[in-house]
Amino acid sequence: MADHDLTGFDRDHFTHDGVTRRILRRGTGPAVVVLAEVPGITPKVLEFAERVAAIGCTAVLPVLFGTPGRDADPHHVGWLKSTLYTASTARKACVSREFTLLATGKSSAVVTWLRALAAQEHERCGGPGVGAVGMCLTGGFALAMAVDDRLIAPVLSQPSLPLALTRSRAGGIDISPEDLATVRGRCEREGLSVLGLRFQGDRLVPSDRFAFLRRELGDAFTAVELPDSAANPRSALAPHSVLTEHLVDEPGQPTREALDDVLDLFRTRLLGESRDTDETVPSAQTGE
């Protein structure tokens, strides 16, 4: 897969509290904020955004790190280029004060900016509320964004923070106790549902993290935990990225069913629809 030239995506900027970032958008209808994983908004992240737009939502992608559209798959660009680019992006995230990589019981500072973005996109796009998908380093951001009652469809795909270097970090997630209490209250009062995705053998997303979310959110947390064997075997990386790098885009495949679950959440909460169980998700590449 070559670099994506961003054709089909509108480009914009959003400023909050003195911080300006680039924004990509595609589609019409209620907004879904798509938060990319390291190394950034790759072609496969853009494919996922195209899926979101295809069901009748507006995919909104803030550029938090990396170069939008750049392909980092070592099969395509070689291991050296892939490693250097990914390492450079990860290093910048590690030194940024906006991302909380190690501390438990703390929401990352960038979440305040993301909540403001979601509020603007809700006003801009309309609908009953906003959805959000966080992936890997940004996985827990979707949960912390749900403090705002405009966020009604949060998805945590392989939430990897805080880095599970100790048992206590493995058994938590990057959200403050106050924010978690607010989200828990929304689950109890409003019926807010939180969807989480992970591969069972993924050391970046230990099972203790999902156990923690079950304890804290109860039945409001739906965990999709896939066997490692369900990951795309053509990926050069260990099973991790459920919706992008390790997606097997074929009907009946566990990762495809996980993708359908995510899109179904958006249909139900944002569009007021239910997915036909016989429906086939259109290919992001062919549109068929």
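User: What does contact mean here, and which residues is R22 in contact with, leaving aside its neighbours within four places in sequence?

Analyst: Contact means heavy atoms within 4.5 Å. With neighbours within four places in sequence left aside, R22 is in contact with D12, H13, L61, P62, V63, G66 and P68. Before going on, some background: this is a predicted model, in which local features need pLDDT of at least 70 and side-chain atom pairs count only at pLDDT 80 or more, while totals for chains, interfaces and linings use all residues. Residues are numbered from 1 along each chain as its sequence is written, and side-chain values use heavy atoms, with hydrogens and water left out.

User: Where is R22 found, and how far is R22 from V63 in space?

Analyst: Helices (H or I, at least four residues) and strands (E, at least two) are DSSP runs, numbered from the N terminus. R22 is found in strand β2, residues 19–26.

User: Is R22 buried, exposed or partly exposed?

Analyst: Buried means under 20% relative accessible area, exposed over 50%, and partly exposed in between, using a 1.4 Å probe and protein chains only. R22 has 42% relative accessibility, so R22 counts as partly exposed.

User: Let's compare that with T58. Where does T58 lie, and which residues does T58 contact?

Analyst: T58 lies in strand β4, residues 58–62, and is buried, with a relative accessible area of 2%. Leaving aside neighbours within four places in sequence, T58 has contacts that include R25, R26, G27, T28, R124 and C125. T20, in contrast, is 20 Å from T58, C-alpha to C-alpha, and 38 residues away in sequence.

User: Now helix packing. At what angle do the axes of α7 and α8 cross?

Analyst: Axes are lines fitted to C-alpha atoms, for helices over the stretch in contact, and angles run from 0 to 180 degrees between N-to-C directions. Helix α7 (residues 177–190) and helix α8 (residues 207–217) have axes that come within 10 Å and cross at roughly 60 degrees. Angles under 35 degrees count as roughly parallel, over 145 as roughly antiparallel, 65 to 115 as roughly perpendicular and the rest as oblique. The helices α7 and α8 are therefore oblique to each other.

User: Which residues meet there?

Analyst: From α7 come L180, V183, R184 and C187, and from α8 come F212, E216 and L217. By class, this contact has five nonpolar, no polar and two charged residues. For those classes, Ala, Val, Leu, Ile, Met, Phe, Trp, Tyr, Cys and Pro count as nonpolar, Asp, Glu, Lys and Arg as charged, and the others, Gly among them, as polar.

User: How many aromatic pairs are there?

Analyst: Rings of Phe, Tyr and Trp (its six-membered ring) pair if their centres lie within 6.5 Å; planes under 30 degrees apart count as stacked, over 60 as edge-to-face and the rest as tilted. The count by this rule is two aromatic pairs. For F14 and W113, the ring centres are 5.3 Å apart and the planes are at 65 degrees, so the pair is edge-to-face. F14 lies in strand β1 (residues 10–16) and W113 in helix α4 (residues 110–125), so the pair ties together parts that are 99 residues apart in sequence. F14 is buried at a relative accessible area of 7%, and W113 is buried at 3% relative accessibility. The pair of F210 and F221 has ring centres 5.2 Å apart and planes at 90 degrees, so this pair is edge-to-face. F210 lies in helix α8 and F221 in strand β8 (residues 221–226), so the pair ties together parts that are 11 residues apart in sequence.

User: Which charged residue lies over the face of W113?

Analyst: A charge sits over a ring if NZ of Lys or CZ of Arg is within 6 Å of the ring centre and within 35 degrees of the ring normal. R21 lies over the face of W113, 4.7 Å from the ring centre. Likewise, the charged end of R70 sits over the ring of Y85, 4.0 Å from its centre.
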